[in-house]
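User: I would like to go through the model shown here and ask, for each label attached to a residue, what the label rests on.

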Amino acid sequence: MNFKEKIEASTQARNSKIVLALDLPPQKRELLLNKATEILENVEPYVCAVKINRHLVLPLGLFNDLQKIVKRAEDYGLPTIMDCKINDIGATNRVVAQHYFDAGFDAVTANPFVGWEQGLKPVFEAAKKNGKGVILLVYMSHKAAYEGYGQTVKTESGKLVPQYAVFAEKALKWKADGAVVGATYPEKIREIHQMLREEVPIYSPGIGVQGGKIREALNAGARFLIVGRSITLSEEPGENAKKLRDLANQV
Ligand code: BMP
């Protein structure tokens, strides 16, 4: 099973489109590990995957305490995504991706801005070799996203198009396992979904704290909803994850 099939099977089996972004603010290493583990335990029945960011990798260490979290997610049968937004020369990208795959992650995120040859090609090759996935950034959720993802660029044939349309085309051409489009821009999700259709599922972060709405994101074509602080910083992460899952299932 490739990553796309793996997360699709998980979303069906668990009846959830929510990807938990297991992000926590800085705190003592031991507290952080305990808190992250506790949240994962409570939230696990209501999500289809776990996304980990440098919030945990930096303080816990990839081949150190973080392994306990990755292993636990795996034991629950949850696919894991390392949100490393790979963005360097190919030789470096290959090493970075390989470390995350060796640490047990099922997929990595990457920035299509670096291009293919000596850019992301080695990442896609490493993913294929290891049976892992690559999810590309297509339009981010933050306010300034238009400055990069929204700028007008000239294609090789001289046509003027938005940057995100070029990235969506790359996602199709490179057979990416997913495309990140912010829930804060449902109109962009709609437009990008029309290009990607069911071939490349849209992962949509920015729900809750950043202002994105579950209903709008799903109606526009998002397949998965990435949710962090609305769950991780709440008094009852499990209850909140359940509410968000149920809300998503009503759409
Ligand atoms: P939150 O739900 O707390 O806003 O967290 C969203 C998560 O998704 C964070 O880990 C963030 O780094 C990530 N993310 C995002 O918010 N917008 C993007 O466009 C891409 C992301 O990876």
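Analyst: Contact means heavy atoms within 4.5 Å. By that criterion, and leaving aside neighbours within four places in sequence, Asp65 is in contact with Arg29, Leu33 and Leu60. This is a predicted model, in which local features need pLDDT of at least 70 and side-chain atom pairs count only at pLDDT 80 or more, while totals for chains, interfaces and linings use all residues. Residues are numbered from 1 along each chain as its sequence is written, and side-chain values use heavy atoms, with hydrogens and water left out.

User: Why is Asp65 called buried?

Analyst: Buried means under 20% relative accessible area, exposed means over 50%, and partly exposed is in between, for a 1.4 Å probe and protein chains only. Asp65 has a relative accessible area of 13%, and therefore counts as buried. Its place is in helix 3 (residues 54-76), where helices (H or I, at least four residues) and strands (E, at least two) are DSSP runs numbered from the N terminus.

User: What makes the pair of Asp65 and Lys68 a polar contact?

Analyst: A polar contact is a pair of N or O atoms within 3.5 Å; within protein, one must be able to donate a hydrogen and the other to accept it, and residues adjacent in sequence count only if both atoms are side-chain atoms. The side chains of Asp65 and Lys68 make such a contact at 2.8 Å.

User: Why is the pair of Phe124 and Trp174 called edge-to-face?

Analyst: Rings of Phe, Tyr and Trp (its six-membered ring) pair if their centres lie within 6.5 Å, and planes under 30 degrees apart count as stacked, over 60 as edge-to-face and the rest as tilted. By this rule the count comes to ten aromatic pairs. For Phe124 and Trp174 the centres are 5.9 Å apart and the planes stand at 70°, so the pair is edge-to-face. Phe124 lies in helix 5 (residues 116-130) and Trp174 in the loop between helix 7 (163-173) and strand 8 (178-181), so the pair ties together parts that are 50 residues apart in sequence. Both Phe124 and Trp174 are buried.

User: What is the geometry of the aromatic pair formed by Tyr149 and Phe167?

Analyst: Tyr149 and Phe167 are edge-to-face, at 6.0 Å centre to centre with 70° between the planes. Tyr149, in the loop between helix 6 (145-148) and strand 6 (152-154), and Phe167, in helix 7, are 18 residues apart, and both are buried. Ring pairs also link these two with Phe113, Tyr139, Tyr164 and Tyr185 into a cluster.

User: How do you know that Arg223 lies over the face of Phe224?

Analyst: A charge sits over a ring if NZ of Lys or CZ of Arg is within 6 Å of the ring centre and within 35 degrees of the ring normal. Arg223 is placed over the face of Phe224, at 5.7 Å from the ring centre.

User: Why do Asn15 and Arg197 count as partly exposed?

Analyst: Asn15 has a relative accessible area of 47%, and is therefore partly exposed; Arg197, at 46%, is likewise partly exposed. Asn15 is found in the loop between helix 1 (3-14) and strand 1 (18-21), and Arg197 in the loop between helix 8 and strand 9 (202-205). Although it is not a glycine, Asn15 has a positive phi of about 50°, and Arg197, not a glycine either, has a positive phi of about 50°. Most residues other than glycine have a negative phi.
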